[in-house]
Amino acid sequence: MPYSLVDMTLYFFIYSFCGWLMETVLCSIREHRFINRGFLNGPLCPIYGCGILLILTFLLPVRDSIPRAEAAVPVIFLAGAVLASAVEYFTSWAMEKLFHARWWDYSKHRFNLNGRICLSISAAWGLLATVFVYQIQPHFESLIAWLYRLSSWLPPIMAAVLLAALAVDTVISARIARTLGNKLEQLDKLGELIRAHLESLSLPSPEDIALRLENAYDQYEARRRTEREKRAAWRDMAREDLTVWLRTRIRLLKTKTDSLQQWRFSQLRLLRAFPHLKEIQNRLNSSSQALDEEVTNDEERHSV
């Protein structure tokens with residue numbers, strides 16, 4: 001490790017803030033309004049801090065051991081791209097498993113790997129790594145040295161306070177993200193279930209309806225004990241009674257969908273901060289509006 005643990009902690013926060021600032025400026029310019037970019041509520045993007053710490057740990061020795069910059073730069077560029085991309089890939093995978101949502105997606109970019117990383121972003125990481133190692137890090141080394149000159153206790157105290165604040169923010173943000181991910185997942189499932197119930201209205205027999213509903217509940221893992229108990233009854237119900245049950249069920253599912261679409265401010269911030277989540281929300285909203293129209297049309301036909 002090229003620096004002490006305290007220094008590495010401070011560099012983590014410095015680069016996390018720099019990453020947040022860069023992302024926030026770019027995203028705000030694109031959206032024409034302020035966007036608090038990042039997973040955390042505070043002004044930090046830890047993925048930048050983690051990526052740069054790996055770069056500092058493994059690539060500073062490369063810079064110092066190769067005296068000629070023209071020989072060291074290609075190595076630092078390639079190694080920086082690989083290290084940072086590995087962090088980005090793992091972070092994307094872990095966040096999707098923990099919070100049931102894909103927070104960014106490079107599937108539309110050429111030369112991507114499972115939509116988690118892509119060649120152009122990896123190249124940008126390599127460029128940033130090279131700039132940080134040769135141009136930016138020496139200035140931050142001077143900043144940390146200045147803090148030590150003010151007081152030898154100042155950097156450790158700052159590191160401890162920042163870590164405590166990060167821990168609190170991470171817990172709060174993780175709860176918000178998990179709730180948001182569950183909401184998006186439930187909205188997707190409910191939309192498909194509503195569509196299955198609407199399609200069942202046009203099927204000719206209770207047997208056909210039962211098969212369609214069973215497939216829907218199996219496919220989207222929305223089983224409930226009460227639904228399993230009703231499966232046998234679906235086939236035994238008269239066609240008219242089953243139609244009434246379907247329409248009642250559709251209204252109940254729509255009510256649940258509408259209640260889930262009430263977003264809190266903290267959830268809206270994450271939706272705005274991550275364009276891929278915003279795309280998912282827009283897609284679900286469009287699907288919900290289309291289902292609203294189908295439900296309304298069916299109710300009008302039924303009333304007539």
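In this predicted model, Lys254 is buried, with a relative accessible area of 8%. Burial here means a value under 20%. The side chain of Lys254 still meets that of Asp258 in a salt bridge, at 3.8 Å from N to O. The cut-off for such a pair is 4 Å. Both residues lie in helix H8, which covers residues 239-260. They are 4 residues apart, about one turn of the helix.

Another of them joins Arg195 and Glu192, whose closest N and O atoms are 3.6 Å apart. This pair also sits within one helix. Arg195 and Glu192 are 3 residues apart in helix H5, so about one helical turn separates them. Arg195 is partly exposed, at 23% relative accessibility. Glu192 is partly exposed as well, at 24%.

A further salt bridge links two helices. The side chains of Glu199 and Arg212 meet at 2.7 Å, N to O. Glu199 belongs to helix H5 and Arg212 to helix H6 (residues 206-219), so the pair ties together parts that are 13 residues apart in sequence. Glu199 has a relative accessible area of 35% and is partly exposed. Arg212 is partly exposed too, with a value of 24%.

Helix H5, which spans residues 154-200, also holds Asp169. This residue is buried, yet has no salt bridge. The nearest side chain of opposite charge is that of Arg269, 6.7 Å away. A salt bridge requires a nitrogen and a carboxyl oxygen within 4 Å. What, then, lies 3.2 Å from a polar atom of the Asp169 side chain? The backbone nitrogen of Asn41 does. Neighbours within four places in sequence aside, Asp169 is in contact with Leu40, Asn41 and Gly42.

One of the four, Leu21, lies in helix H1, which runs over residues 5-31. Leu21 is partly exposed, with a relative accessible area of 39%.

Terms used. Residues are numbered from 1 along each chain as its sequence is written. This is a predicted model: local features need pLDDT of at least 70, side-chain atom pairs count only at pLDDT 80 or more; totals for chains, interfaces and linings use all residues. Side-chain values use heavy atoms; hydrogens and water are left out. Buried means under 20% relative accessible area, exposed over 50%, partly exposed in between (1.4 Å probe, protein chains only). Lys and Arg count as positive and Asp and Glu as negative; His and the chain ends are not counted. A polar contact is a pair of N or O atoms within 3.5 Å; within protein, one must be able to donate a hydrogen and the other to accept it, and residues adjacent in sequence count only if both atoms are side-chain atoms. Contact means heavy atoms within 4.5 Å.
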